[in-house]
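Have a look at the model first.

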Amino acid sequence: LAIFAPSALPAGIVPVGLMLAVSVVLAIRGWRTQADAPPKIDLESPFSLKSALTFGWMFAVITVCGGLAGQILGDLGLYVVSFFGGLVSSSSTAATAAHLATSGHITPLVAGSAVIVSSVASALVILPVVWKGSGKPELVRRVAMATLWVIVAAAIGIAINPFFLEQYRIVETLVMR
């Protein structure tokens, strides 16, 4: 979002920043208390042709669906598409929101909010992946609690975001004089 639609960054920085901060704290805490070796997961290179084509395809689908949903349902339509897009590819959804913001189809605030919605959906997808990959109920429980904390951080960020945005606008106005 910061790279492709810098004007949308203020709208998402507090919630996404809090989600990142909580994730880092939980990762450090988990790293220090880790008793078992992590399960082996086979991942393919994100730089492969298949990965690039998949990202491009998801970007196209989410852009078309987001545009149509936005025309039919307004901002709510984009948020719904962002949630379901985040279940599949939060990076494609963020790129779509940035593209729609820079092309003037949505406001920067809506783009930032769409990225938050997509990030929360992406966090939820981790649970079935962990269950399928490990089959360990204790690990799933720990990941579920971590995911809950990340979602709580997002909710707190969303709640305080209007105050942050008002302060940002005041500072921006003073600087632009």
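A cavity here is a set of grid points where a 1.4 Å probe fits but cannot get out. Going by that, this predicted model has one cavity of 30 Å³ or more. The volume of the largest cavity is about 30 Å³.

Who sits around it? Ile62, Gly66, Leu78, Val81, Ser82, Thr93, Thr96 and Ala97 make up the lining of the largest cavity. Helices H2 (49-73), H3 (75-88) and H4 (90-102) each give two or more residues to that lining.

Now for the packing of H3 against H4. Their axes lie 6 Å apart, at an angle of about 145 degrees. On the H3 side, Leu78, Ser82, Gly85, Gly86 and Val88 do the touching, and they meet Ser90, Thr93 and Leu100 of H4.

On to the core. The largest nonpolar core counts 13 residues, and Ala5, Leu78, Ala97, Ala101, Ile106 and Ala111 have the most contacts inside it. H4 and helix H5 (108-134) each supply at least two residues of this core, with H4 giving the most, five residues.

Leu78 is worth a click: this residue lines the largest cavity, meets H4 from H3 and belongs to the largest nonpolar core. Setting aside neighbours within four places in sequence, Leu78 contacts Gly66, Ala69, Gly70, Leu100, Ile106, Val110 and Ala114.

Conventions. Residues are numbered from 1 along each chain as its sequence is written. This is a predicted model: local features need pLDDT of at least 70, side-chain atom pairs count only at pLDDT 80 or more; totals for chains, interfaces and linings use all residues. Side-chain values use heavy atoms; hydrogens and water are left out. On a 1 Å grid over the protein atoms alone, a cavity is a set of points where a 1.4 Å probe fits but cannot get out, and a pocket is an open set with protein on both sides within 12 Å along at least five of seven lines; lining residues have an atom within 4 Å of a point. Grid points are joined across faces, edges and corners, and a volume is the space filled by probe spheres set on the points. Helices (H or I, at least four residues) and strands (E, at least two) are DSSP runs, numbered from the N terminus. A nonpolar core is a set of buried Ala, Val, Leu, Ile, Met, Phe, Trp, Tyr and Cys residues joined through side-chain atoms within 4.5 Å. Buried means under 20% relative accessible area, exposed over 50%, partly exposed in between (1.4 Å probe, protein chains only). Contact means heavy atoms within 4.5 Å. Axes are lines fitted to C-alpha atoms, for helices over the stretch in contact, and angles run from 0 to 180 degrees between N-to-C directions.
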